[in-house]
Amino acid sequence: MTDSSGPLIEVRDLVKTYDVSRPWLARVLERLPVQTLKAVDGVKFTIRRGETFSLVGESGCGKSSVARLVVGLDRPTRGSVLFDGMDLAGLRRRSDIAPIRRRMQMIFQDPYASLNPRWRVEDIVAEPIDAFGLVANRSERSGKVAESLRQVGLSPEDARKFPHEFSGGQRQRISIARALAANPDFLVCDEPTSALDVSVQAQILNLMKDLQQRFGLTYLFISHDLSVVYHVSSRIGVMYLGRLCEISAAKDLFRRPQHPYTRLLLDTIPDVEMTGRERVSVPGEVPDPIDPPPGCSFHPRCPFANERCRQEDPTPVQRGRGMVACHAVEEGRLPPFKRSDLGQ
Amino acid sequence: MYRRVVDSDLWFSFSRSPTVVVAAAVATIMMMAALFAPLIAPQDPFDLTSLSILDAHIPPAWMAADDHRFLLGSDDQGRDVLSAILYGSRISIGVGLASVALALVLGVSLGLLAGYVGGRLDALIMRTAEIQLSFPTILIALLLNGVMRSILPADLQDQLAIPVLIVAIGISGWVQYARTVRGTTLVEKNKEYVQAARLIGIHPLMIMLRHILPNTMGPVLVIATIHLAVAIITEATLSFLGVGVPPTEPSLGTLIRIGNDFLFSGEWWITMFPGAALAILVLAVNLLGDWLRDAFNPKLR
Amino acid sequence: MALLEVDRLRVEFPTRRRALVAVDDISLTIEAGEVLGVVGESGAGKSVTGAAIIGLIEPPGRVAGGEIRFDGRRIDHLSDEEKRRIRGKEIGSVFQDPLTSLNPLFTVGQQLVETILAHSDRSADDARRHALRLLEDVGIPAAAHRIDSYPHEFSGGMRQRVVIALAVCAGPRLIIADEPTTALDVSIQAQIIALLKRLCRDQGTAIMLITHDMGVIAETADRVAVMYAGRIVEVGRVRQILRAPTHPYTTGLMDSIPRLGHDDADLAQIDGAMPRLHEIPDGCAFHSRCPHAFDLCRRRRPVLQTTGEAAAACFLFDQERSDD
């Protein structure tokens, strides 16, 4: 039933709303309405085998919610996620779900919270091995743990230690070793380096790239850092307030950004090379997601917004190899993007 | 193992506070004395054949005119007060430990469930806890004790007095554990290592037991120590009121009650020595509990 | 004479085994109106340095050596009361989390007015007018209305603006800004950086900008000091240090930053991690990770050697090492 030519991940019109109302009693007493927050609103993309697809956006844009929906930590309010053609949410029997779970793993942001402080590294890394019954006995188990640790550049002796004996970067390596222990095809990486210092970030990014090549892994990469995303991705989706505003091949996105929000993000990247480019300071802030503006949610900050943008939701349209949801792009009234310091 | 203990911060903070060292020593000595009471007590106060009514009301050794057999004096039945205290604290500490264990198991399980499962189960458990909190603990213990005794047939009442007491005190104390464990569970369950375990399909029960439970044990240990002092006091109070352990197997509370009748006839030792033993035991355990709480919460240091 | 002179500062945190040296013999100066960036990875001692200057080292930590001079006057051994008077009036501060700098129980207007009154002899009305002007100045929209709002009614970016208004309200000559943009989204970061730069230019305020973000340094600072394991390894004009770093650590740090337009090749990485405070090696603290380390680096500690406009603490550039 699997089709090895199709995409590995297909996300269809994903919607996730959270109930953010006050507790029932307080709500009734103070006569407040039920409040919902649409964290993810009609998100749709595919991830091809062996590629790195990234979601980028500011905090609260819903990128982490998408990651949780994709791996099945949360259930979508509407829409579905197909892994290799199968919908995890549609499966009921544990024996059907486990083989899919084995194939997808997640790496989290905070290396201090992602490892149980009371477990030895050996047990942390072996948890998925045990859960999926991948080994027959204890010596095979420690062999597999040692192999995973070696793959991420740690020593097999580290298995006997506790997480607090490691630095942030080493802990992130342990997380990766654990994710690899079950021989997955697909890794969801939720801001895997944003808690790390920049020199350590480089180590982890290089390691992830190396592992991708060695094991043919497919990545969904979540980050707020455009430079990092540019470095690791094959394709990129830009999110704003729960929606995808643009999807594009990584190189195209940075050379020919379409959506005004993508352009804003590019303009705010700090100029480490000291080319003298002034970092453009864009007014305004991300609106309250509980009460989003009507029409295009970006219109209050968009320099190109007109009456139509204030009233009508833009629909995503195919644009070259990518997708963009913007009235101004659709009507062809956006000026071309200029930035001096990016090579063509 | 030895090195790990000596190197730990807990041991460091312990060895730097003389009060705590003394409290720990006192508590240990008293517990050991209670445990080995049959070996060290001069007399078996439960063995009615060894008692002689002729020995009744003899004052402590240093005050007695001629009879120096009873270091802390004797009571109205000729029982050696020191032996009675040793055996009595045995029952007091035993009932205390057992009720703490019961409250701990009950409270920790309910707290874990409430925090992890959430929703209606959480609301049910925590509202029950709040209702129970609005009554004084001693009242709840009295009530449970009374209800259970009235259900039991008369001939079993004395036999089962101690288990009934344990259940009553245990159930009256679970709320603290549940609240604390629920709080910690709410924090831990959103940590990424729990998410990672959920992701590979680990059963919720296993997540609670293997991941979350060990991370709640620090605060639980603190509560349990402080609760031990409270449980011993509660037992003593119930026994003093006459609804606790029967006079045939006196606990410290029972001894205080018995002695209370003779306080005004000048025979103070029958009630004062058990009272002092109780106070010292509870104080020592309380001091240990306070220290543990501070040691686990570095912000207070 | 420089506005701020830090001379051989040493900050220690005693533990039960021995004292951990968080800041180890660092010297730096800030001229009036200048922005000095202090950059380094977490644990490098940059925040502790800032805290030492404003006299806010948390006990049991203590300044164990060296001098801090502000406007020629020694300030590191003043009493708590005198330090408090200097904080706010002479030296303002902006921290990473704006919520910790604001009292949730008072409106931002009350907090500003209180601070202004404490440090000047304005009348209450005048102080409120000044507070309003400051809020407008830092770019709070509808300031006349927002002045009576409580901190929680502001967004993160707006709160940081209020904190900046609070830091500058007494007209200090130096602001210590410790990771002022780290908690903010990129588009808001740019706004706050622009604001800091403008204030510095308009009022001639000097800023000590502590951050781990080279991008922020590149855009804001005039000079930069790179810290590693409690020491300054390189200091100089920003342009020179970012474009042509000399110390192997700075070089590695710059190369490990992912950039737009640099394709496909792996990022340069510095292997290992910065040593924790209790395991800083002898000699140069960086030698175990340094690709150029040689015998001397393991034995002797390099000192800052000035070459042109920059100075680096590395034996590769130490002309006198042959004399050893």
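By my cut-offs, buried means under 20% relative accessible area, exposed over 50%, and partly exposed in between (1.4 Å probe, protein chains only). Helices are DSSP runs of H or I with at least four residues, strands are runs of E with at least two, and both are numbered from the N terminus.

I noted that this is a predicted model, in which local features need pLDDT of at least 70 and side-chain atom pairs count only at pLDDT 80 or more, while totals for chains, interfaces and linings use all residues. Residues are numbered from 1 along each chain as its sequence is written, chains are lettered from A and ligands numbered from 1 in the order in which they are written, and side-chain values use heavy atoms, with hydrogens and water left out.

**Helix α3 of chain A**

Which residues of helix α3 of chain A are buried? I found that within this helix, residues 94-103, the buried ones are A:Ile97, A:Ile100 and A:Arg103. They sit on the same side of α3(A), because the arc they cover around the axis is only 120°, the arc being that of the directions from the helix axis to the C-beta atoms. I kept in mind that an α-helix has 3.6 residues a turn, so residues three or four places apart point the same way.

I then asked what the buried residues of α3(A) pack against. The partners in chain A are β4 (78-83), β5 (86-87), β6 (104-107) and β7 (186-190), where a contact means heavy atoms within 4.5 Å.

**Backbone angles I checked**

A:Asp13 is not a glycine, yet its phi is positive, at about 40°. I located A:Asp13 in strand β1 of chain A, residues 9-19, and with a relative accessibility of 44% it counts as partly exposed.

A:Glu191 is another residue other than glycine with a positive phi, near 50°. I placed A:Glu191 in the loop between β7 and α7 (198-215) of chain A. Is A:Glu191 buried or exposed? Its relative accessible area is 8%, and A:Glu191 is therefore buried.

In chain C I looked at the peptide bond that joins C:Pro59 and C:Pro60, which is cis, with omega about 10°. C:Pro60 belongs to the loop between α1 (46-53) and β4 (62-70) of chain C.

**Chain A overall**

I listed 12 helices and 12 strands for chain A. Its radius of gyration is 22 Å, which agrees with the value near 20 Å that a compact globule of 344 residues would have; the radius is taken over C-alpha atoms, and the globule rule is 2.2 Å times the number of residues to the power 0.38. Along the principal axes, the C-alpha atoms fill a box of roughly 70 × 60 × 45 Å, and 57% of the 344 residues are buried. Of the contacts in chain A with a separation of 6 or more, 66% are between residues 24 or more positions apart.

The accessible surface of chain A is about 14,800 Å², and carbon and sulfur atoms account for 49% of it; I used the Shrake-Rupley method with a 1.4 Å probe, and for residues only the protein chains shown count as cover. The 48 positive and 43 negative charges of chain A have mean positions 3 Å apart. Here Lys and Arg count as positive and Asp and Glu as negative, without His and the chain ends, and each charge is placed at NZ of Lys, CZ of Arg, CG of Asp or CD of Glu.

**Chain B overall**

How many helices and strands are there in chain B? I noted 14 helices and 0 strands. The C-alpha atoms of chain B occupy a box of roughly 80 × 50 × 30 Å along the principal axes, and 47% of the 301 residues count as buried. In chain B, 70% of the contacts between residues at least 6 apart in sequence join residues at least 24 apart.

Chain B exposes about 14,700 Å², with 69% of that supplied by carbon and sulfur atoms. For its 19 positive and 22 negative side chains, I recorded a distance of 19 Å between the centres of the two sets.

**Chain C overall**

Chain C comes to 12 helices and 12 strands. Its radius of gyration of 21 Å is close to the 20 Å that the globule rule gives for 324 residues, so chain C is as compact as a globular protein of that length. I noted that its C-alpha trace spans about 65 × 50 × 40 Å along the principal axes and that 54% of the 324 residues are buried. Chain C carries 39 positive and 46 negative side chains, and the centres of these two sets lie 2 Å apart.
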